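Please open the structure in your viewer and keep the selection panel at hand. This tour moves from one selection to the next and says what is there.

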Amino acid sequence: MGKRSAPRYPDDGGGGGGGGICCVLCWCCCFLFLIVAALAGAAAYALFLYKPKAPSYSVSNMSVSQFDFNSNDLTLYTKLVATVRAENPNEMIGIIYGDGSRTVVSYRGTPLCSGHLPTFYQGFKNVTVMEISMEGRHGFGSGLQSALEESEKEGNVPLDVFVSVPVSLRFGSFDVREVRVNVHCALVVDSISPKKKPTIKSATYQGNVEF
């Protein structure tokens, strides 16, 4: 008997279809690449045109109207006003301060009082000075009371001021999506008594942005 050859099946045209799919995928990749390149170029042009600079914040003044310790329940009621200076150094970028801000003043990790910033728009090359009212009643143990009295005697009272505020940047008529700016100010004042206006002896600032 002779050798039987393997059966052959008709070509279903699959090879040609695969080439067409590859061609479509190639065009899609090229199109996506062009979009990404265009967006990157637009972002680079915007950075070159607007030259964005980070705003700066500082606590320039503080006044305490109430600072009452209750020995019965070991709580402290504090009411004060902090003067916050916000500077926008940009020549073509505005800053929108939105709802939901929070300010907190604490002593050795224990909150004393809290408040919030106003909502407003800060224009180009602008310095805005805000009077931030804060108050609160919090637990304040005898150990903290003793430490605070010692700090008062030494004339070095360490305070932490925390500010968290949602902001948006305005480029011309276009607003960039809102982000949250957090600022921590470590202050040292000579006193926090209502009987004496506090003098700020030193201040250091740290900040970050939550996207």
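Which residues does Thr110 touch, not counting residues up to four places away in sequence? Select Thr110 and you will find that it touches Val105, Gly139, Phe140 and Leu144, where contact means heavy atoms within 4.5 Å. Before going further, note that this is a predicted model, in which local features need pLDDT of at least 70 and side-chain atom pairs count only at pLDDT 80 or more, while totals for chains, interfaces and linings use all residues. Residues are numbered from 1 along each chain as its sequence is written, and side-chain values use heavy atoms, with hydrogens and water left out.

Thr110 is found in strand E5, residues 110-115; strands (E, at least two residues) are DSSP runs, numbered from the N terminus. With a relative accessible area of 14%, Thr110 is buried, a word that means under 20% relative accessible area, whereas exposed means over 50% and partly exposed lies in between (1.4 Å probe, protein chains only).

**The nonpolar core**

Next, select Tyr97, Val105, Leu112 and Leu159, which are the residues with the most contacts inside the largest nonpolar core, a set of 36 residues. Such a core is a set of buried Ala, Val, Leu, Ile, Met, Phe, Trp, Tyr and Cys residues joined through side-chain atoms within 4.5 Å. If you stay with Tyr97 and leave out residues up to four places away in sequence, its contacts include Tyr57, Ala86, Phe120 and Val165.

**The cavity and the pocket**

Rolling a probe the size of a water molecule over the atoms shows where empty space is left. On a 1 Å grid over the protein atoms alone, a cavity is a set of points where a 1.4 Å probe fits but cannot get out, and a pocket is an open set with protein on both sides within 12 Å along at least five of seven lines; lining residues have an atom within 4 Å of a point. Grid points are joined across faces, edges and corners, and a volume is the space filled by probe spheres set on the points.

The structure holds one cavity of 30 Å³ or more.

Now turn to the largest pocket, which has about 500 Å³ of space. Of the 24 residues that line the largest pocket, Pro55, Val167, Val179, Val181 and Val209 lie nearest its centre. E11 gives the largest share of this lining, five residues.

**Two last stops**

Select Lys201, which lies in strand E11 and is partly exposed, with a relative accessible area of 48%. Its side chain reaches the backbone oxygen of Gly155 at 3.1 Å.

Finally, select Asn88 in strand E2, which counts as buried at 1% relative accessibility. Gln122 is 34 residues away from Asn88 along the chain, yet their C-alpha atoms are separated by 7.2 Å, and Gln122 is one of the residues in contact with Asn88.

Definitions and conventions. Helix = DSSP H or I, 4+ residues; strand = E, 2+ residues; numbered from the N terminus. Polar contact = N/O pair within 3.5 Å; in protein donor to acceptor, adjacent residues only side chain to side chain.
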